[in-house]
Structure formats: structure tokens, C-alpha cells
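Let's take a walk through a protein together. Have the sequence and the 3D view open, and turn the view as you read.

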Amino acid sequence: MDTQDPQDLPQNEQSSDARPVLEGPDIARVLTRIAHEIVERAKGADDVVLLGIPTRGVFLAQRLAAKLAEITGRKIPVGSLDITMYRDDLRMHPPRALARTEIPGDGIDGRLVVLVDDVLFSGRTIRAALDALNDIGRPRAVQLAVLVDRGHRELPIRADYVGKNLPTSLRETVKVQLAEEDGRDTVLLGAKRTAQQ
């Protein structure tokens, strides 16, 4: 996740007055579209491996794998890629728990790896994911699928598949909630609270 989870922020920095910009049916629809785009660009998705970035990227990758299986009639390998130890902000934040890296049995060498995340923001999470991937194997190619691209890139990274482009200001927060983790599917946009508010 490329934006800080509001649950990880101090109470005085959490978003207020958040409004939904995507609801459950919207999220299902954009994941179906992304799955079709992957099949089209990969010419059938024969060698596609999906790797979700914890936490919500993993759930999105699993949902995409199910949709790809519906379209292609084949089971699509899906796993997770923990990027915690590859982050460039480890010294700036409190220690965080390690998530799991699970690579499908056939590995990633020579495969088309699609990284899946919920929000693309500065690009630093994806840079960390590319570093982590480099330590695991050598894919034929790497692509990126995100549910929301909120802009404000700090690195030359772009998504190949985007559910929704959501122009934001740096004074706003984007919070993705998924049923597997949060009990509901929604994307919320809100104003970031400051200590003065």
C-alpha cells in the first residue's frame, strides 16, 4: 500500500468526513475490467503470476485470480510479496510486523508477474516491491495493477492497470476497505486531520 493506512496514523492525523468514491459493485466491476485487460495484453494469461502486496493487495490479487480463472478457464497462480524490509522509510517509522511472502510453486522465473496493490501514491512501495522481487527470481516482465491511482508520484513509476484514477491533494487521505479485512468494500476519500483540527 502506497498510502499510509489511517489506522496506523495517530488519532489527530486520521481523515475526517470521508466520502465513498467507490462502493462494492464499483470495485467488482473495475476488477472484472482489469482482468479482461490482463488477458488481452498477456494474450491469454498463460504465464501470468499475480503477487499481491500485503495487506489489501493480497485480497485484490486473489479476487483478480478468480476473475481470470472465469475468463480463461485456467487456475492463475497467485501469491503475496512482503516488502517491509525493502522500504526506504524503515528508520522514519516505528517497527512494523512482517507480512508473508508466498510465491506460487512454479516460481516467477520467465513468467509475467503482475504486482497488485490497493493505492498507488508516491511509488515508493512499488520500488520496494521491485527490489524484493529481484531477490526472488527473474520474471520475463513485471506489470502493476492498482485499484486506485491517486497521483503525487515521487518516482518514475506508473500502473499498467488502474481501477480508478483519483486526483487528490496532499491534504486528503485515500482509505481502501475490503470485506476480507474490514467487513465491507469501499474506497473513502477524506480530509487529513491535523493537530489543530
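**A guided walk through the fold**

Let's start at Ala-159, which sits in the loop between β5 and β6. (Helices here are DSSP runs of H or I with at least four residues, strands are DSSP runs of E with at least two, and both are numbered from the N terminus.) Ala-159 is buried, with a relative accessible area of 11%. The word "buried" stands for under 20% relative accessible area, "exposed" for over 50%, and "partly exposed" for what lies in between, using a 1.4 Å probe and protein chains only. Which residues does Ala-159 touch, leaving aside its neighbours within four places in sequence? They are Leu-120, Leu-144 and Val-146, where contact means heavy atoms within 4.5 Å. The C-alpha atoms of Ala-159 and Ile-126 are 9.6 Å apart, and 33 residues separate the two along the chain.

Before going on, a word on what you're looking at: this is a predicted model, where local features need pLDDT of at least 70 and side-chain atom pairs count only at pLDDT 80 or more, while totals for chains, interfaces and linings use all residues. Residues are numbered from 1 along each chain as its sequence is written, and side-chain values use heavy atoms, with hydrogens and water left out.

Now zoom out. The protein has 4 helices and 8 strands, and from the N terminus on they run β-α-β-α-β-β-α-β-β-β-α-β. Of its 197 residues, 50% are buried. If you take the contacts between residues at least 6 apart in sequence, 72% of them join residues at least 24 apart.

Ala-18 is partly exposed, at 37% relative accessible area. Not counting residues up to four places away in sequence, Ala-18 touches Leu-188, Leu-189 and Gly-190. Thr-173 is 155 residues from Ala-18 along the chain, yet their C-alpha atoms are separated by 8.4 Å.

Next up is helix α1. With 18 residues, α1 reaches 26 Å from its first C-alpha to its last, close to the 26 Å expected at 1.5 Å a residue. (That expected span is 1.5 Å times one less than the number of residues.) The buried residues of α1 are Gly-24, Ile-27, Val-30, Leu-31, Ile-34, Ala-35, Ile-38 and Val-39.

Helix α2 has 17 residues and reaches 24 Å from first C-alpha to last, close to the 24 Å expected. In α2, 12 of the 17 residues are buried, so this helix is largely enclosed by the rest of the structure. Among them are Phe-59, Leu-60, Leu-64 and Leu-68, along with the charged residues Arg-56, Arg-63 and Lys-67.

How do the two helices meet? The axes of α1 (residues 24-41) and α2 (residues 56-72) come within 9 Å and cross at roughly 60°. Axes are lines fitted to C-alpha atoms, for helices over the stretch in contact, and angles run from 0 to 180 degrees between N-to-C directions. The two helices are therefore oblique to each other: angles under 35 degrees count as roughly parallel, over 145 as roughly antiparallel, 65 to 115 as roughly perpendicular, and the rest as oblique. On the α1 side, the meeting residues include Ile-27, Leu-31 and Ile-34, and on the α2 side they include Leu-60, Leu-64 and Ile-71. The residues of this contact divide into 11 nonpolar, 3 polar and 2 charged. (Ala, Val, Leu, Ile, Met, Phe, Trp, Tyr, Cys and Pro count as nonpolar, Asp, Glu, Lys and Arg as charged, and the others, Gly among them, as polar.)

Most residues other than glycine have a negative phi, and most peptide bonds are trans. Ala-45, in the loop between α1 and β2, has a positive phi of about 65° although it is not a glycine. Ala-45 is buried, with a relative accessible area of 1%. His-152 also isn't a glycine, and its phi is positive at about 70°. His-152 lies in the loop between β5 (141-149) and β6 (161-165) and is partly exposed at 30%. Last stop: a cis peptide bond joins Pro-54 and Thr-55, with omega about 5°. Look for Thr-55 in the loop between β2 (48-52) and α2.
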